[in-house]
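User: I would like to learn how to read the features of a model like this one. Please take me through it step by step.

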Amino acid sequence: MNVHQIYTDSPLRNYNYIVEMGNAEVAVVDPIYPELINEWLATNERQLAVVLLSHGHYDHVAGVEALVKEHGAQVWGHKDSFKNVDRILVDGEKIPTSLGELEVIETPGHTMDHLCFLLFESGKQVEIITMDTIFNAGIGNCKNGGNLEVFVDTILALNERVEDQVILWPGHDYIINNLNFTLANDPDNEAAKELLERVQSEGSIGFQTNFEIERRVNLFLMTNDKERIKDLRHKRDNW
């Protein structure tokens, strides 16, 4: 697997991700607490080469400066995500990883600088780091620099593009709250009921879903109706 997940135990329940780049080098996605990353690097005998940014919200860039200073890592991301971006990433760009490649996808809406990272092995889609665009059983909000009209188009495009088997790597652990929202609006959704029972039994931290599951429990991926998605987002904002 290309990706390792780190739960930060932050107030916003953030996840960070480590991407294997090859030759014992890794990229870290959206670091918040440098000490967690340094501990992982030491335990796994890896060198930090790149800080990879999904977007510029503080809870996704708080640890960048310290890690760059300590490791000499480069910052890669959207031109507007950080004050010093060494490599500006654009839609469709492909980056080699230890097991294949990572494709950059521009996903504006939560913020206008948001990027997602779709990982391939042997030419096959396997994982996607969506951070604050798509969560387990939900999507991000547009309250802090976002645009809902644009976001709806982004969600529809990602839903069309990503294949069922692809593992979802979100930016936060919101799965229980999101499944409860699904059931509040779709109380007969048996897949959501069963998944919620599993998550409550097994624990939410690190719980994995793929897009096949998401298309049965994530209301935002269960419709192609733009007005329906906007209405759901407004409901979620006030839920």
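User: Where does A27 stand relative to β4?

Analyst: A27 stands opposite V50 in β4. Strands here are DSSP runs of E, at least two residues long, and helices are runs of H or I, at least four; both are numbered from the N terminus. This is a predicted model, in which local features need pLDDT of at least 70, side-chain atom pairs count only at pLDDT 80 or more, and totals for chains, interfaces and linings use all residues. Residues are numbered from 1 along each chain as its sequence is written, and side-chain values use heavy atoms, with hydrogens and water left out.

User: How many bridges join β3 to β4, and how do the strands run, parallel or antiparallel?

Analyst: Strands of a sheet pair through backbone hydrogen bonds, either parallel or antiparallel. Two strands count as paired if DSSP finds at least two bridges between them. Here, 5 bridges join β3 (residues 25-29) to β4 (residues 47-52), and the two run parallel.

User: Which helices pack on this sheet?

Analyst: Read contacts first, then angles. Contact means heavy atoms within 4.5 Å. Axes are lines fitted to C-alpha atoms, for helices over the stretch in contact, and angles run from 0 to 180 degrees between N-to-C directions. Helix α1 (residues 34-44) touches β1, β2 (15-22), β3 and β4, and its direction makes about 135° with that of β1. Helix α3 (residues 64-71) touches β3, β4 and β5 (74-77), at about 145° to β4.

User: What is the strand order, and which strands stand at the edges?

Analyst: The order is β1-β2-β3-β4-β5-β6, in an open sheet of 6 strands with mixed pairing. β1 (3-7) and β6 (87-88) stand at the edges; each has a single partner strand, so one side of each lacks a neighbour in the sheet.

User: What is the order in the sheet of 5 strands?

Analyst: That open sheet reads β7-β8-β9-β10-β13, again with mixed pairing. Its edges are β7 (94-96) and β13 (167-170), each with a single partner strand, so one side of each is left without a neighbour. The twist averages 25° from one strand to the next. Inside the sheet, β9 (residues 115-121) and β10 (residues 124-131) run antiparallel, joined by 5 bridges. F120 has Q125 in β10 as its bridge partner. Helix α4 (residues 148-161) lies across β8 (100-106), β9 and β10, at about 155° to β8.

User: Is H110 buried or exposed, and what does its side chain contact?

Analyst: Buried means under 20% relative accessible area, exposed over 50%, partly exposed in between (1.4 Å probe, protein chains only). H110, in the loop between β8 and β9, has 5% relative accessibility and so counts as buried. A polar contact is a pair of N or O atoms within 3.5 Å; within protein, one must be able to donate a hydrogen and the other to accept it, and residues adjacent in sequence count only if both atoms are side-chain atoms. The side chain of H110 makes one with the side chain of H57 (3.3 Å). The backbone oxygen of N141 lies 2.7 Å from a polar atom of the H110 side chain.
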